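User: I have a model open and would like to go through parts of it. Can we take it in short questions?

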Amino acid sequence: MTSPHPEWKPGSKITTPFSDVTGVDLAELSQKERYKFLIGAIVPRPIAFVSTISRDGVVNVAPFSFFSGVSSSPPSVVFSVGTPPDGREKDTLANIKETQEFVVNSANEWMIEPVVHCAGDFLKEINEMEEAGLTPAPSTRVSPPRVAESAMQMECKLTQTVSLGDGGPGSSTLVIGEIVYAHIASDCYEKGRIDFSKYRTVGRLGGLSYGLIGETFTLAVPKVSE
Ligand SMILES: Cc1cc2nc3c(=O)[nH]c(=O)nc-3n(C[C@H](O)[C@H](O)[C@H](O)COP(=O)(O)O)c2cc1C
């Protein structure tokens, strides 16, 4: 498909479908309302399905959609672990602090139900991969297992954590990790390119909504001469 407005020329004005704007002072919203605003406004978000292992050897896996790739040298990802209303530390963060390692597994269309199931508040002693019926696969360079059903897995070592907020509900810890090894389904990977039509990752939207990649188009960045 061509881009939505191929007739657009640099400098030409565009018309938006909206005529009115509501100002939102996030400081005046409750923490819950702020969270709802953020997850509704920043869409779609990719989902990191993060597997970790505790010092005692219990495997944990949970989805995180405040997630992105942030550097290619060193290859790095970041995701954010929020403090829940009861103030407890999520198992994923506790395990990463213990072992300094984690795996980011892709959340693909064929496995989204078990991915979301793993967001349940299971006890730390529960092996969530087993609980969801997912298959652990040994990692190459880190101790947490990969999720075999995921089309892609990135083995990561903790670079640093960054705390945001006062540690109360809604405050967060950013987990930055360096990818030390990766795996990708061969069918999705050709000549160094990942084919997103086969890869089929799911995006998280606001509320309980999710989206698949729909219509796509290509659009080149202009070459600006000096
Ligand atoms: C699709 C999806 C995305 C989520 N994203 C986040 C997130 O970015 N940060 C977060 O703290 N929790 C997020 N959650 C909630 C966690 O997955 C949930 O709190 C989970 O129980 C944490 O597991 P753990 O205690 O085993 O680490 C998300 C849940 C779902 C279903």
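**A helix and an aromatic cluster**

Analyst: This is a predicted model. Helix α2 is followed by Q100, whose phi is positive, near 65 degrees.

User: How many of the 9 residues of helix α2 are buried?

Analyst: Helix α2 covers residues 91–99. Its buried residues include D91, L93 and I96. T99 is also on that list.

User: What kind of aromatic pair do F64 and F79 form?

Analyst: The ring centres of F64 and F79 are 5.1 Å apart. Pairing needs centres within 6.5 Å, and planes over 60 degrees apart would count as edge-to-face, under 30 as stacked. The planes here are 50 degrees apart, so the F64 and F79 pair is tilted.

User: Which strands hold F79 and F102, and how many residues apart are they?

Analyst: F79 and F102 form an edge-to-face pair, with 5.4 Å centre to centre and 75 degrees between the planes. This pair links distant parts of the chain. F79 lies in strand β5 and F102 in strand β6, and the separation is 23 residues.

User: Is F64 buried or exposed?

Analyst: Buried means under 20% relative accessible area. F64 has a relative accessible area of 7%, so F64 is buried.

User: Which residues form one aromatic cluster?

Analyst: The count comes to 2 aromatic pairs. F64 pairs with F79, and F79 pairs with F102. F79 has 0% relative accessibility, and F102 also has 0%. The one aromatic cluster is formed by F64, F79 and F102.

Technical notes: Residues numbered from 1 in each chain as written. Predicted model: local features only at pLDDT ≥ 70, side-chain atom pairs only at ≥ 80, totals over all residues. Heavy atoms only, no water. Buried < 20%, exposed > 50% of the residue type's maximum accessible area, 1.4 Å probe, protein only. Helix = DSSP H or I, 4+ residues; strand = E, 2+ residues; numbered from the N terminus. Phe/Tyr/Trp six-rings, centres within 6.5 Å; stacked < 30°, edge-to-face > 60°.
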